[in-house]
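Please look through the sequence and the model shown here before reading on.

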Amino acid sequence: MNAPASHPTAHLRTRPVAAGHWRAFLAVARHLNFRAAAEELALTQSAVSRQIQALEDEVGVMLFLRHTRAVELTSAGAQLQRAVAPALERIDATVRLVRQTSGRRSVAITTWASFASVWLIPRMEGFQHDNPDIDIRIDATDTIVDLDTSDVDLALRYCLPGTVDPGAQRLFGEQLAVVASPWLLNSAPPLRRPEDIAQFTLIEAGDAHRTQNLEWLSWRRWFELNGHDKLQPKRWLYFNYAQQIVQAALAGQGLALARMPLVADALATGDLVEVLPGLRLDSPLAYWLVVGPRSAQRPEIKAFCDWLLLQAEATRKAIGEVPDPDLNDDLA
């Protein structure tokens with residue numbers, strides 16, 4: 001008969017490990033000293049030692065090598081330290097955030113990055129000045145967030161009228177305009193006719209021809225509608241995001257076929273100039289406000305929406321948009 005193994009395989013545990021054990025483990029791993037870990041945790045040295053022993057029993061392996069005057073992490077202990085330390089740090093940070101924001105009024109907004117950067121954030125100072133007790137959280141993502149199930153209060157979206165959520169409020173529509181920096185125009189040949197555009201670098205969305213809706217925003221469509229479908233520019237400059245197109249135009253890197261709501265402020269200040277203003281391109285896309293059903297009655301949400309609709313009205317005036325009386329879009 002074979003002799004029994006001196007270190008039988010431990011039964012694999014599946015139950016969760018107590019958080020206190022992990023905190024004791026991390027304290028010992030930091031200090032490599034049971035006494036110092038006990039002082040940090042305001043426990044006795046024997047209590048910390050018992051927690052480490054209980055954790056090792058739960059995991060099924062030794063996590064520390066105990067020497068006469070030192071403690072050393074085993075390879076398993078080091079592996080667990082790398083995994084557990086950031087996890088507990090995130091939990092502690094979240095708890096601090098929940099404690100700090102408990103009872104505070106807040107508005108959580110989801111929108112896409114370009115709109116947040118170019119239109120929303122530059123206007124936020126006015127709302128914050130008038131509502132200093134309301135916290136704002138902006139979640140800038142291209143992913144559509146479900147307002148019925150998420151912790152987001154409202155969405156600012158960009159889409160065709162037929163695809164928007166029921167009950168959405170139309171903020172403003174869109175035209176495309178050829179824009180450039182004054183510096184570029186002053187240093188380049190005169191630009192008086194559509195064919196003069198061929199002398200410039202043209203800035204465009206890199207996926208304009210691969211995405212159905214963005215095809216409306218393309219230079220190719222502008223060429224076709226103006227009778228120059230064979231025209232080729234000096235060179236092309238492509239970007240993934242609308243804010244990058246605006247930034248490149250501001251930097252004088254070329255002509256942009258820009259969305260008017262996103263460049264209205266730059267045109268008003270003279271940082272950009274509209275080129276060939278009689279040749280704007282209509283877009284079927286529009287900008288919308290969607291309020292989550294669970295948030296609509298909160299006073300802070302109403303205050304933010306009222307402020308937002310005033311900002312939208314100012315943008316409509318800036319881009320010269322005339323409300324369509326046949327649209328039930330809550331235009332002021």
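**A walk through the model**

Both phenylalanine 25 and phenylalanine 64 are buried, where buried means under 20% relative accessible area, exposed over 50% and partly exposed in between, with a 1.4 Å probe and protein chains only. This is a predicted model, in which local features need pLDDT of at least 70 and side-chain atom pairs count only at pLDDT 80 or more, while totals for chains, interfaces and linings use all residues. Residues are numbered from 1 along each chain as its sequence is written, and side-chain values use heavy atoms, with hydrogens and water left out.

The structure holds 19 aromatic pairs, a term for rings of Phe, Tyr and Trp (its six-membered ring) whose centres lie within 6.5 Å, with planes under 30 degrees apart counted as stacked, over 60 as edge-to-face and the rest as tilted. One of these pairs joins phenylalanine 25 and phenylalanine 64, and it is tilted, at 5.6 Å centre to centre and 55 degrees between the planes. Because phenylalanine 25 belongs to helix α1 (residues 19-31) and phenylalanine 64 to strand β1 (residues 64-66), this pair ties together parts that are 39 residues apart in sequence; helices (H or I, at least four residues) and strands (E, at least two) are DSSP runs, numbered from the N terminus.

Tryptophan 119 and phenylalanine 172 have ring centres 5.6 Å apart and planes at 55 degrees, so their pair is tilted. It links distant parts of the chain, with tryptophan 119 in helix α5 (residues 113-120) and phenylalanine 172 in strand β6 (residues 169-180), 53 residues apart, and both residues are buried. Ring pairs also bring these two into a cluster with Trp112, Phe115, Tyr158 and Tyr287.

How much of α5 is buried? Six of its eight residues are, so the helix is largely enclosed by the rest of the structure; the buried residues are Ser114, Phe115, Ala116, Val118, Trp119 and Leu120.

The largest pocket has a volume of about 750 Å³. On a 1 Å grid over the protein atoms alone, a pocket is an open set of points where a 1.4 Å probe fits, with protein on both sides within 12 Å along at least five of seven lines, and lining residues have an atom within 4 Å of a point. Grid points are joined across faces, edges and corners, and the volume is the space filled by probe spheres set on the points. The lining has 37 residues, of which Trp112, Asp142, Tyr158, Leu214 and Arg259 lie nearest the pocket centre. The elements that give two or more residues to this lining are β3 (105-111), β5 (154-159), β7 (201-205), α9 (242-250) and β9 (255-259), and the largest share, four residues, comes from β5.

Single residues complete the picture. Methionine 260 is found in helix α10 (residues 260-269) and, at 1% relative accessibility, counts as buried. Methionine 260 and leucine 281 are 21 residues apart in sequence and 9.9 Å apart in space, C-alpha to C-alpha.

Most residues other than glycine have a negative phi. Alanine 42, although not a glycine, has a positive phi of about 60 degrees; it is found in the loop between α2 (34-41) and α3 (45-59) and counts as exposed at 68% relative accessibility. Leucine 276, also not a glycine, has a positive phi of about 50 degrees and is found in the loop between β10 (273-275) and β11 (281-291), but leucine 276 is buried, with a relative accessible area of 14%.
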